[in-house]
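Please look through the two chains shown here before reading on. The paragraphs below are meant to be read with the coordinates open.

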Amino acid sequence: MVKINVLQHAPSSHLPARPGDPTPTSRNLDPLMHPFARARERTRALNAAKMERMFAKPFVASLEGHVDAVETMARKPDTLDIVASGSWDGGLILHDVSRRKRLFQVDNAHKGKVSGVCFGQQGRLLSCGVDRNIKLWDTEASLDDDDFGAGPSQRKPVSIFPGKFAFNSIDHHRYDPLFATASNLVQVWDETKSAAISNLTLPTSTETVTAIRFNLAEASVLASIGSDRSFTLYDIRTGKAERRIIMQMRSNALSWSPTFPTSVLLASEDHNLYTFDIRSLNTPTQIYKAHVAAVMSCDWSPTGLEFVSGGWDRTVRIWKEGRGSAPEVYHTKRMQRVMSTLFTGDSRFVLSGSDDGNVRVWKAHASDKLGIITARERAAIEYRESLKSRWKADSEVSKISRTRHLPKPVHKASQLKRTMLEAQRVKEERRRKHTRAGEHKPKAERKKVVITEHS
Amino acid sequence: MDSLIAKADAIRPLSKRRRTDNQHARPKPGPSKKTTADDPTAASVSQHTALPRSLRPSSPPPEEAKKYSHIHNKKLRTDLARQSAQNARSKRLVKDAELLLTEEAGLMEVDGDLEKTWRVGQDEIAAAAGQQAAQGRQEWKLDGGPYRVRYTKNGRHIAIVGKTGHVATFDWQAGTMHAELQLRETCRDITFLQDHSHFAVAQNKYVFIYDRDGVELHKLKSHIEPTRLEFLPYHWLLVSVGNAGYLKYQDTSTGQLVVEHRTKLGACHTMCQNPHNAVIHLGHQNGTVTLWTPNLPHPAVRLLAHLGPVASVSVDPSSAGRYMATAGQDGTVKVWDCRNWKGAIRTWNARGGNAVIDWSQKGALSVATGGSVNVYTKPAIQTPFAPVVAPPLYLTHPVPHRPLSSLRFCPFQDILTIGHSKGVSGILVPGVGEPNFDSSEADPFENKKARREREVKSLLDKIQPDAIVLDPDFIGSLAPPPKLSTAVDGQHDIPYARLPRHERLKVSGKADETEDGDEDDTSDGQGGEGDGQARKGASKAEKEKKKMRGKNKTLKRFLRKQRKNVIDPRAVAVRAKLEKEREERRKAKAIASGAEQPRKPSALDRFKRSS
């Protein structure tokens with residue numbers, strides 16, 4: 001007796017039951033049914049990498065209004081997109097980034113440049129300048145009348161705090177009505193008192209303090225950087241300098257990490273950025289190398305996973321925390337030296353203020369799509385992301401996602417820099433080889449950064 | 001400041017920081033390790049921040065996951081290990097997913113040894129088959145010479161071509177004709193392109209491409225007198241071989257002729273593709289079978305298969321292209337293992353010679369010789385067997401219309417279609433078709449929209465012709481370990497490219513080291529036999545003699561002397577290591593021979609530095 005069964009597919013299980021129904025699909029995960037799975041996936045990864053570069057259009061908008069270099073910018077706490085900027089011409093503007101409007105504008109807030117802005121309590125704005133004054137502005141009043149060109153340019157500040165020296169930087173305490181300023185000395189002020197309540201400085205130092213920031217977790221801790229290549233930590237409760245390091249080169253800007261309380265980022269004159277953990281200040285936790293000129297400004301993303309830096313080389317770079325090379329780089333033909341950079345509160349956009357007087361808005365991720373994204377689109381984007389990360393070791397995929405077009409001067413400068421560093425390294429190596437063994441030990445790059453540490 | 005540090009310690013203690021610097025400054029891990037349990041902040045936080053158990057890194061990786069312990073870069077090693085663990089887990093999940101395959105495969109079984117499946121005729125099978133399945137038993141009586149047949153990838157559409165130019169394509173399940181053409185010239189082969197919307201015909205002089213309705217779209221003038229056609233669906237390549245013996249690859253998505261290879265083996269009438277690596281197998285008049293890829297100007301494999309012209313070649317799709325069957329005009333059928341070409345696995349004589357063969361999706365081999373078609377099934381044809389005897393027969397079917405020119409199994413069906421001189425006939429062979437199709441690859445029931453969608457998707461996923469190699473897993477696999485190593489004590493210090501020139505030469509074994517003076521030190525003291533040393537001495541003298549020849553020897557001597565003065569820490573380290581090993585060996589030898597006492601353990605050993 002023969003048992004016979006011939007394969008047949010029931011059309012009812014493979015065709016839609018009614019017109020308009022979705023067609024049923026069937027799956028067979030046997031690898032024999034999917035030949036060239038890896039090669040096809042690689043092609044897809046390659047396409048994903050190419051698409052990312054094709055859609056990389058990071059520039060969003062340019063906010064005009066200043067007539068000279070934008071020296072400083074500050075984000076209003078508890079908002080996503082309200083940003084104040086101060087310029088070399090003494091102008092002060094409050095931008096609404098999402099609507100690209102000026103909420104508040106003072107043309108001659110200070111004589112000479114505005115060197116620092118920060119937000120105080122109840123939406124009030126503090127600005128300091130080289131004219132030895134700190135001014136407190138009330139911006140809320142003008143928020144009601146919604147005229148684009150901003151109101152009369154002769155606004156009066158709420159109060160003026162006169163100082164003895166030109167100010168370089170200002171930062172407000174997170175909870176209390178206190179603020180600190182940097183000039184030849186570090187001073188702490190009360191919003192209600194017209195004179196500084198205390199001077200925090202080392203007795204022996206004759207430096208000029210260039211920037212100052214309160215810690216975000218422990219609001220009484222204050223960090224400053226100075227022109228004598230120092231980085232100093234103060235506690236305003238004790239009124240003393242607690243720690244201090246002297247580095248190889250001076251820093252231009254600093255920023256506290258919003259998520260990790262002891263991590264601080266320094267933008268240095270030697271083209272690098274450094275993150276320090278203040279629990280051990282003798283070495284940086286990471287060196288970030290890519291700029292080809294001094295780094296002028298830096299700011300953390302609110303997520304603490306990224307930060308942005310702007311440099312004298314006319315580029316803005318966005319770094320991943322802990323990854324010391326190959327940052328995202330933004331540039332345009334007309335953007336000059338970048339003096340200030342800022343992340344917005346939703347960490348989707350980056351602002352850069354440059355020598356040409358514009359505040360530019362960039363996407364934090366160059367190929368992000370703005371606007372509403374459907375679920376299918378989101379799924380496709382996520383699939384492409386995972387493909388790229390899975391095939392990142394493939395030479396072609398990595399080459400496409402790594403390569404950035406740089407302006408010729410920047411490219412040439414980086415070439416030159418590489419050559420010089422290589423020559424230095426070779427020379428060092430040769431010198432070591434021709435001295436007695438053990439006499440001339442190579443020094444790790446991290447250990448070269450800090451010269452001395454006082455505590 | 002202290003409260004700030006306490007806050008940071010609760011998130012990530014300083015000792016957990018990435019290992020960067022000052023190894024001596026940090027406390028060494030050991031019994032005296034300070035725990036953070038006494039820190040009240042950390043204890044209060046840790047309750048709320050624990051990962052779920054399934055996501056914790058301690059969940060054990062599967063045993064089959066690779067460890068990659070030879071990779072030095074820790075980050076990369078962790079990544080690779082995680083990836084392989086992921087792969088192993090997903091492989092297990094695939095096994096579970098087999099439960100979801102719902103369709104039932106065909107089969108033909110007999111009870112007892114006396115009954116044979118090959119005694120069962122087509123009438124009996126057709127009677128036992130369901131109504132839908134019985135459609136596959138067909139006889140199309142057609143004029144116009146021996147016919148050749150080809151199915152689309154999903155098995156829904158069939159194209160036939162007669163020797164004298166009768167071409168027809170139709171949906172055999174629905175019974176609708178797409179195109180019928182009388183080309184009035186010799187046609188030798190036909191193939192569908194990406195789906196049934198285009199097909200290519202090898203005509204008397206050129207290859208022509210027609211669309212579904214039979215409208216001539218292209219005349220491919222570069223393919224002259226083609227005899228056989230193949231289409232590589234994942235690379236979008238149309239491959240033809242002709243009477244002149246040129247193998248040509250044409251990209252049908254861009255229209256470019258990718259490459260043409262001169263086989264130098266004369267006219268070729270036999271071609272098939274390996275569906276798992278897209279390698280083209282050609283059978284030649286002198287009995288050789290050659291395997292071709294677009295990026296090699298010569299065959300990747302050349303194999304003398306038969307003592308006469310090769311009549312037919314086919315590759316087994318059920319074993320990922322591991323087996324190849326060839327039939328020759330000398331009357332033999334041979335099955336080969338594509339990983340090891342040393343002789344055929346199994347050989348048998350097919351009566352009548354000049355057989356046509358084809359493998360099915362499930363690995364059944366059909367052989368058409370003389371006036372009948374025989375089908376053999378899997379384990380018997382692939383197990384090595386020395387005697388020249390045909391494997392046990394599964395099914396046989398006589399076809400009275402000689403010659404039988406073409407055999408094709410229909411994908412996803414139990415149907416074998418035979419092209420012969422009086423037309424085309426289809427027979428039912430239970431159990432040879434894959435029952436479960438995958439809609440993303442080939443779907444017999446797909447509608448117009450799905451077909452269009454799939455066409456666009458497959459164009460986006462088109463693989464470049466260069467990627468065709470014998471091993472399809474080559475893409476995405478790890479590079480082999482480098483042959484040159486500058487390792488000292490298992491640590492890679494300086495990469496090869498950054499070594500100075502002399503070091504590089506030394507590592508690659510091309511350095512001139514005759515007068516370095518360290519020869520005796522660095523050479524291994526083990527092989528201290530007299531004759532060996534004499535040989536070495538002789539070779540040394542010889543080399544020295546050679547060295548004296550040529551110009552500029554003062555400069556060379558000067559350079560050699562300079563080289564000797566350089567104290568290279570690497571060389572010093574190697575020398576010290578060798579010295580130490582030699583000392584240990586000498587000690588061990590002395591202890592073995594009894595000349596020395598083994599060292600007794602002492603109480604002071606605990607203070608000894610382990611190095």
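Predicted model: local features only at pLDDT ≥ 70, side-chain atom pairs only at ≥ 80, totals over all residues.

Residues are numbered from 1 along each chain as its sequence is written, while chains are lettered from A and ligands numbered from 1 in the order in which they are written.

Between the chains, 50 residues of chain A are in contact with 64 residues of chain B, contact meaning that the C-beta atoms, placed from the backbone, lie within 7 Å. On the side of chain A that touches chain B, the elements giving two or more residues are strand S1 (2-5), helix H1 (11-14) and helix H2 (37-54); here helices (H or I, at least four residues) and strands (E, at least two) are DSSP runs, numbered from the N terminus. H2(A) gives the most, with 7 residues. S1(A) pairs with strand S1 (residues 107-110) of chain B in the antiparallel sense over 4 bridges, where pairing requires that DSSP finds at least two bridges between two strands. Within this pair, Ile4(A) stands opposite Met108(B).

Over residues 303-337 the chain is 57% strand and 0% helix, with its end C-alpha atoms 12 Å apart. Strand S20 (residues 323-328) of chain B is mostly covered, since 6 of its 6 residues are buried, that is, have 20 or more other C-beta atoms within 10 Å of their own C-beta, placed from the backbone (12 or fewer would be exposed, and values in between partly exposed). Tyr323(B), Ala325(B) and Ala327(B) point one way from S20(B), and Met324(B), Thr326(B) and Gly328(B) the other way.

S20(B) pairs in the antiparallel sense with strand S19 (residues 310-315) of chain B over 5 bridges, and Val315(B) stands opposite Met324(B). With strand S21 (residues 332-337) of chain B, S20(B) is joined by 5 bridges, again antiparallel, and forms a hairpin with 3 residues between the strands, where Gly331(B) in the turn has a positive phi of about 90°.

Further along chain B, an open sheet of 4 strands has the order S23-S24-S25-S26, with antiparallel pairing. Its edge strands are S23 (356-359) and S26 (393-398), each of which pairs on one side only. Strand S24 (residues 365-369) is joined to strand S25 (residues 372-376) by 5 bridges, and Leu365(B) has Tyr376(B) as its bridge partner in S25(B).

Technical notes: Contact = placed C-beta atoms within 7 Å.
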